[in-house]
Amino acid sequence: MTDRLTITRPDDWHLHLRDGRMLDAVTPDTAMHFGRALIMPNLVPPVVSGSDASAYRDRIMAACPDGASFTPMMTLYLTEGTDAADLVAAARDGIITAVKLYPAGATTNSASGVRDIDSVMPVLEAMAEAGVPLCVHGEVTDSEIDIFDREAVFIDRVLDPLRRRLPALRVVMEHVTTSDGIDYVRSGGESIAATLTTHHLFINRNHILAGGIRPHYYCLPVAKRETHRLALVAAATSGDPSFFLGTDSAPHLDTAKLAPCGCAGIYTAPNTLACLAQIFDNEGALDRLDGFVARHGAAFYGVAVNDGTVTLVRTAAPQPVPDDRMTPEGSLTVFDPMVPIHWAVAG
Ligand code: NCD
Ligand code: ZN
């Protein structure tokens, strides 16, 4: 039995760090374990220009602990007013790595998102030509579509037509939650990949709703039924380079989660690696963890893998869930996988 596992220093290809005091509180948790992270742009107001991204990058660097070797990779928030020339210049100058498409109203801070995909076609064409990847929040927002069906409907109505229209556009389907999404990415060739979150490998919709409502498991896309979770675990542990880690670690204060209309997002940065080691161990796939967390994403984004390593150790006693983080504005609960985790990051 392997009791120590050394992997390449990993990347998180989908991360929310927020701003201000929350940024200061959460950045160390990611910078401790990860070499790079793709930073989501859904601030209020969103990160829409190269200069916004560059200023946000500076604020993130200022929130990194001294000595951390962490590089934030920036994204722009696609709006119906996005300036294609500014976007392409920011990508060319290395300020941004990707652009994020949020359908308007799909999730936290998405009011500035895209209502009509036709209105952003010239920008998407410029991105395809310049080789800038589009990261997609793949859910329709129509109120008549059941929330558990929104990902599958998005693939049929929006994503597949878009990719047929612009086959050169490189797309990452973010935080895939269904077997429909997995199948679509598997059969989609080299121009599409998907991120998988930590929490969707652990929870299904019963965790949110059976035996009491648990707001800390509410996120978007919402967790689906168990058959879908099993498809996600199979994809993550398969070794297929189309799938890589994007934690979607999305901190919200407990006061915002535990409310009559609680907000979506799960904070997984502190225990993501330990949780993933447990899932890969359960599947007899520990040798594939390195690919999922450190290699497949780097290959898709065309960057070298990180220097350095992280060592995980198997522990006889289950590891406690990390303590709530205290921010000057209140507490922040860390993801509880609700199963024993016998792995920890060493040192
Ligand atoms: C994210 C957030 O809080 O910013 N929430 C979430 O449930 N995942 C937004 C997102 O990625 O959808
Ligand atoms: Zn997200």
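Guide: Start with contact, which means heavy atoms within 4.5 Å. This is a predicted model, where local features need pLDDT of at least 70 and side-chain atom pairs count only at pLDDT 80 or more, while totals for chains, interfaces and linings use all residues. Residues are numbered from 1 along each chain as its sequence is written, chains are lettered from A and ligands numbered from 1 in the order in which they are written, and side-chain values use heavy atoms, with hydrogens and water left out.

Visitor: Which residues is Asp 86 in contact with, leaving aside its neighbours within four places in sequence?

Guide: Val 48, Ser 49 and Gly 50. Between Asp 86 and Gly 50 there are 6.4 Å from C-alpha to C-alpha, and the two are 36 residues apart in sequence. Asp 86 belongs to helix H3, residues 84-92; helices (H or I, at least four residues) and strands (E, at least two) are DSSP runs numbered from the N terminus.

Visitor: Why is Asp 86 called partly exposed?

Guide: Buried means under 20% relative accessible area and exposed over 50%, with partly exposed in between (1.4 Å probe, protein chains only). Asp 86 has 27%, so it counts as partly exposed.

Visitor: What makes His 296 buried?

Guide: Its relative accessible area is 12%, so His 296 falls under the 20% limit. His 296 is in helix H11 and touches, among others, Gly 239, Asp 240 and Phe 244.

Visitor: Why is the pair of Trp 13 and Tyr 301 called stacked?

Guide: Rings of Phe, Tyr and Trp (its six-membered ring) pair if their centres lie within 6.5 Å; planes under 30 degrees apart count as stacked, over 60 as edge-to-face and the rest as tilted. By this rule there are 8 aromatic pairs. For Trp 13 and Tyr 301 the centres are 4.4 Å apart and the planes at 15 degrees, so the pair is stacked. Trp 13 is in strand S2 (residues 11-15) and Tyr 301 in helix H11 (residues 289-301), so this pair ties together parts 288 residues apart in sequence.

Visitor: What makes the pair of Phe 244 and Phe 300 tilted?

Guide: The ring centres of Phe 244 and Phe 300 are 6.1 Å apart and the planes stand at 40 degrees, so the pair is tilted. Phe 244 lies in strand S9 (residues 243-245) and Phe 300 in helix H11, so parts 56 residues apart in sequence are tied together. Trp 13, Phe 244, Phe 300 and Tyr 301 make up one aromatic cluster.

Visitor: How do you know that Arg 170 lies over the face of Phe 300?

Guide: A charge sits over a ring if NZ of Lys or CZ of Arg is within 6 Å of the ring centre and within 35 degrees of the ring normal. Arg 170 is at 4.0 Å from the ring centre of Phe 300.

Visitor: Why is the site of the zinc ion (ligand 2) called irregular?

Guide: Donors are N, O and S atoms within 2.8 Å of the metal (3.2 Å for Na, K and Ca); water is not among the atoms, so sites may look incomplete. His 14 (NE2), His 16 (NE2) and Asp 248 (OD) coordinate the zinc ion (ligand 2) at 2.0 Å. Four donors count as tetrahedral if all angles lie between 85 and 135 degrees; four count as square planar and six as octahedral if opposite donors are over 155 degrees apart and all others between 65 and 115; anything else is irregular. The angles among the 4 donor atoms here run from 93 to 136 degrees, so the site is irregular.
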